[in-house]
Amino acid sequence: MNIIEVNASRRYDIFVEEGLLNRAGAYCAQVLRGKKVLLLTDETVGALYLNTVKQSLEASGFEVNPYTVAVGEDSKSTATYLQVVSYLAENHFTRSDAIVALGGGVVGDLGGFCAATYLRGIGFVQIPTTLLACVDSSVGGKTAVNLPEGKNLLGSFYQPWLVLCDPTALQTLPSEIYADGMAEVIKYGMIRDRTLFEALERGELTDTEIICRCVAIKRDIVEQDERDTGYRQLLNFGHTVGHAVEKCSDFSISHGSAVAIGMAVLTRALSAMGKTPAEECERLLALLAACGLPTTCDIAPQALYEVALSDKKRANDTLALITVPVIGEGGIETIAVTELARYIEMGAVK
Ligand SMILES: NC(=O)c1ccc[n+]([C@@H]2O[C@H](COP(=O)([O-])OP(=O)(O)OC[C@H]3O[C@@H](n4cnc5c(N)ncnc54)[C@H](O)[C@@H]3O)[C@@H](O)[C@H]2O)c1
């Protein structure tokens, strides 16, 4: 059993072990006070794993109310949010009751925000079932839904009571969704852990090992900057350009692929500027490709930086750009927003 302890505004444990879905009830019983649980999932994950988790919770004495939302980002909406919290109210959930979110980042972010706001905060357990959710969204307490004006605009920091990762659940993931998660895994190696990056190159890690190493890195970063005021921005490596790629493609390029392209663009730029050796850049491009991720796209650099700048200009004239001159040693550079254009121009493949 792997246990990763998180000391944030709420202390909690992340358990990583094969077969954990079958034992979810016993773990929840150790941290939840009430007996009532909303088991939130989406249609795909529900069809695969809802019964297993429900039976385990019931065997530990919980009264389980399953709640299934549609698959996909559209469920991270204010409409779905209101439906879920209304359901909690109609069914007389009290402050000692809880939401258990079983699914990917969509269900986790939605469930977390419902738990954070219903009755000003009820119990919350994450059971992530995508690689991205295991290594990223279930750790660190960011919860949110989207507004028509943009992603994650309505949210809060709300740490879970418990996170249960069962790597066997990843076996049913479609390969492109697994690859999306690998973009974040490679990001962790790039920003903080050269030995992780090299082990990924050799393809020698199990999913359990990958999850444990990535979660430990994210935990260390979150513990130092829980509310994302500085150091936590390291986790945004590849994301400034990545978000622009997602938007310019009208979200036809997935988040993971967009982050992969974002990391590749920045690192090629750094290499062209002589700030990182060409071999370091080549290793990143090769690992991304080996994991089924793209390193280029055919969006014009001009379009990319216009979208990226329109995002960033609102704050002020500078932005924090995460760069990795040496694999495993990411840093935060403050650059003029207009300078981003040069990075994108130099890093894009003509
Ligand atoms: N809170 C954070 O810190 C944070 C960090 C990164 C991303 N996010 C958010 O996470 C969301 C993306 O998460 P995601 O990539 O997990 O997407 P997702 O939740 O939409 O899951 C992707 C797809 O995989 C399916 N799926 C999930 N688990 C499965 C399994 N075990 N077997 C088969 N299919 C399965 C889902 O039904 C869905 O179709 C975005 O909304 C993003 O904003 C949040």
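Student: Are Tyr81 and Phe113 buried or exposed?
Tutor: This is a predicted model, in which local features need pLDDT of at least 70 and side-chain atom pairs count only at pLDDT 80 or more, while totals for chains, interfaces and linings use all residues. Residues are numbered from 1 along each chain as its sequence is written, and side-chain values use heavy atoms, leaving out hydrogens and water. Buried means under 20% relative accessible area, exposed over 50% and partly exposed in between, with a 1.4 Å probe and protein chains only. On that scale, both Tyr81 and Phe113 come out as buried.

Student: How many aromatic pairs are there in the count?
Tutor: Rings of Phe, Tyr and Trp (its six-membered ring) pair if their centres lie within 6.5 Å; planes under 30 degrees apart count as stacked, over 60 as edge-to-face and the rest as tilted. By this rule, the number of aromatic pairs is four.

Student: What kind of pair do the rings of Tyr81 and Phe113 form?
Tutor: A ring pair is described by the distance of the centres and the angle of the planes. For Tyr81 and Phe113 the centres are 4.9 Å apart and the planes stand at 35°, so the pair is tilted.

Student: How many residues apart in sequence are the parts that Tyr81 and Phe113 tie together?
Tutor: Helices (H or I, at least four residues) and strands (E, at least two) are DSSP runs, numbered from the N terminus. Tyr81 sits in helix H3 (residues 78-90) and Phe113 in helix H4 (residues 105-117), so the sequence separation of the parts they tie together is 32 residues.

Student: Tyr158 and Trp161 form an aromatic pair too; what is the angle between the planes?
Tutor: This pair is also a tilted one, at 5.9 Å centre to centre. Tyr158 is buried, with 13% relative accessible area, whereas Trp161 is partly exposed at 22%. The planes of Tyr158 and Trp161 make an angle of 50°.

Student: What is the relative accessible area of Ile122?
Tutor: Ile122 is in the loop between H4 and S6. Contact means heavy atoms within 4.5 Å, and beyond four places in sequence Ile122 touches residues including Leu88, Ile99, Ala115, Tyr158 and Trp161. Ile122 counts as buried, with a relative accessible area of 0%.

Student: Is Asp250 buried or exposed?
Tutor: Asp250 lies in the loop between H9 and H10. Although not a glycine, Asp250 has a positive phi of about 55°. With a relative accessible area of 66%, Asp250 is exposed.

Student: How do H9 and H10 lie to each other?
Tutor: Axes are lines fitted to C-alpha atoms, for helices over the stretch in contact, and angles run from 0 to 180 degrees between N-to-C directions; under 35 degrees counts as roughly parallel, over 145 as roughly antiparallel, 65 to 115 as roughly perpendicular and the rest as oblique. Helix H9 (residues 239-248) and helix H10 (residues 255-272) have axes 7 Å apart at an angle of about 130°. That makes H9 and H10 oblique.

Student: What is the handedness of the crossing of H6 and H10?
Tutor: H6 and H10 pack at about 35°, with axes 7 Å apart. A crossing is left-handed if the near helix is turned anticlockwise from the far one by less than a right angle, and right-handed if clockwise. H6 passes H10 in a crossing that is left-handed.

Student: And H7 with H8, what is their relative direction?
Tutor: Helix H7 (residues 194-202) and helix H8 (residues 207-224) meet at an angle of about 155°, their axes 11 Å apart. H7 and H8 are therefore roughly antiparallel.

Student: Which residues of H7 make the contact with H8?
Tutor: The crossing of H7 and H8 is left-handed. On the H8 side the contact is made by Ile210, Arg213, Cys214 and Ile217. On the H7 side it is made by Thr195, Leu196 and Leu200.
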